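Colleague: I would like to learn how to read aromatic pairs and nonpolar cores in a model. Could you take me through some cases?

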Amino acid sequence: DYDIVDATPYGKDPMLGLSKACHERGVQFGFYYSQDQDWHEPNARGNTWDFPEERDAQVYINKKAIPQIKEILSQYGELALIWFDTPGLLSKEQVIELRNTVKTLQPNCLINSRIGYGQHDYFQTGDNAIPIQVYNEEKWEVPATLNDTWGFKKNDDNWKDPKDLICKLADIVSKGGNYLLNVGPTAKGIIPAESKEILHTIGEWLNVNGEAIYKTSASPFFFPDITWRCTIKPGKVYLHLLNWPGSEFTFTGLENKVNKAYFLANKENIPFSQQGNVLGFKLPAAPVDPYNTVMVLDIEGQEVMVTKGYEAGTSRDNFDLYAWSARFRGEELKYDWESKSVSNFTYAETYKNELWWYLYGTVHPGDYAVEITYACDQESAKDKVTLETTKGHWKIDREINFAVEDTKGKFMTKKIGQPLHIGENNKEIRLGLKDPGNSNSIRVQKIRLTRVK
């Protein structure tokens, strides 16, 4: 009787109505399913205060998980996917049993990588975890939130800027991924007004610029900074200008002749010159779109040709970790588009405020010299900052510590005396405070890593 039919006045299955409405409107329907974490069951993972430590995952699999998965796959029509969430206590054999159950009943139902043990159809990154460059090893997506909460939390008013979400959408698609954007409805099933406003803003942008997102391929170019991102279609290059470069913009690396350049939003032609692989554009002083201005390049030939050394996946001896490209771990961190910096590194006991960059195979192992571009005021000087690499999700592998210096509020670049070692199995690079301090005034723009060996 632990279900919505028996335990609530609603008294019926809301998923029947939701799945029917989705199918009628051509929206693909799927389920989230936590195959291991279940606070109501003694043999699942999570509840250590009501149940003994000893668990038998097979009992949970046989008596609950498999029957529920069969119910999901047989009562709601065709499913696009089941989104599993971490294997935890389950063995590889048990995970294979879950996969076989899904594929036997609905062979076309997609399974994400959080089922575990490589039994997935596509790869799931960590929460809000975007690779720093194009990632083409497999199909992948980023799960992310509109504020800091996955469900509904009445006091979570830290709503994300629509510009940031639209730019993140372009960033993810240009790197080859899918953006899975979460909305937490209220207990009454109502989408919060703030969520609606954000989603309508994104939808309005897509109504005008969706051509540069839907059915595109990832960028064939390496991203040197955060000025632009790129998506392509046969015969077309879409340049997403996330940070407006001003009245002149230079783009290097395209070998194809450009026949025409225009803004996607208003179809106005863009004056340009082309000398070899260097394109020079004359732009208006202000962005055409307040969120993400898309330039369309009509090129000769269907395939985009890229100059050697400018391709996505190019090995580089130095690369920049921009603050905007990081996951903001901690509710207090704030990004300023004008200065391109993150601030408010207040120390927190839980989920300390850090920037996390995700490597996902795009950085070669080795020792790297470190430079950090930041600004701070005198009261923050000598605060200790940590830069670290991790193995797995939580385990720290290597770290270096340094004290910030007073820059009198102006941005400067500081060389750090210690190199950072990046190992073959390192997944993340993190930057945050070492100890509690007065670091509200520290503003971080980027970290440059230069390979020394």
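**Rings and cores**

Modeller: Phe221 is buried, and Phe251 is buried as well; please keep in mind throughout that this is a predicted model.

Colleague: Which geometry do the rings of Phe221 and Phe251 adopt, stacked or edge-to-face?

Modeller: Planes over 60 degrees apart count as edge-to-face. Here the ring centres of Phe221 and Phe251 are 5.0 Å apart and the planes meet at 80°, so this pair is edge-to-face. Because Phe221 lies in the loop between helix H6 (193-209) and strand S7 (228-233), while Phe251 belongs to strand S9 (residues 248-252), the pair ties together parts that are 30 residues apart in sequence.

Colleague: How many aromatic pairs are there by this rule, and what does a stacked one look like?

Modeller: The count comes to 19 aromatic pairs. Among them, Tyr32 and Trp83 are stacked, with 5.8 Å centre to centre and 20° between the planes. This pair links distant parts of the chain, since Tyr32 sits in strand S1 and Trp83 in strand S2 (residues 81-84), 51 residues apart. With a relative accessible area of 9%, Trp83 is buried.

Colleague: Which residues touch the most other members of the largest nonpolar core?

Modeller: A nonpolar core joins buried residues through side-chain atoms within 4.5 Å. In the largest one, which has 40 residues, Leu355, Leu431 and Leu449 touch the most other members. Strand S19 (residues 366-375) supplies the largest share of this core, four residues. A second, separate core of 28 residues includes Ile166, Ile172, Tyr179 and Tyr238.

Colleague: Where does the charged residue Arg430 lie?

Modeller: Arg430 lies over the face of Trp356, at 3.7 Å from the ring centre.

Key
Residues are numbered from 1 along each chain as its sequence is written. This is a predicted model: local features need pLDDT of at least 70, side-chain atom pairs count only at pLDDT 80 or more; totals for chains, interfaces and linings use all residues. Side-chain values use heavy atoms; hydrogens and water are left out. Buried means under 20% relative accessible area, exposed over 50%, partly exposed in between (1.4 Å probe, protein chains only). Helices (H or I, at least four residues) and strands (E, at least two) are DSSP runs, numbered from the N terminus. Rings of Phe, Tyr and Trp (its six-membered ring) pair if their centres lie within 6.5 Å; planes under 30 degrees apart count as stacked, over 60 as edge-to-face and the rest as tilted. A charge sits over a ring if NZ of Lys or CZ of Arg is within 6 Å of the ring centre and within 35 degrees of the ring normal.
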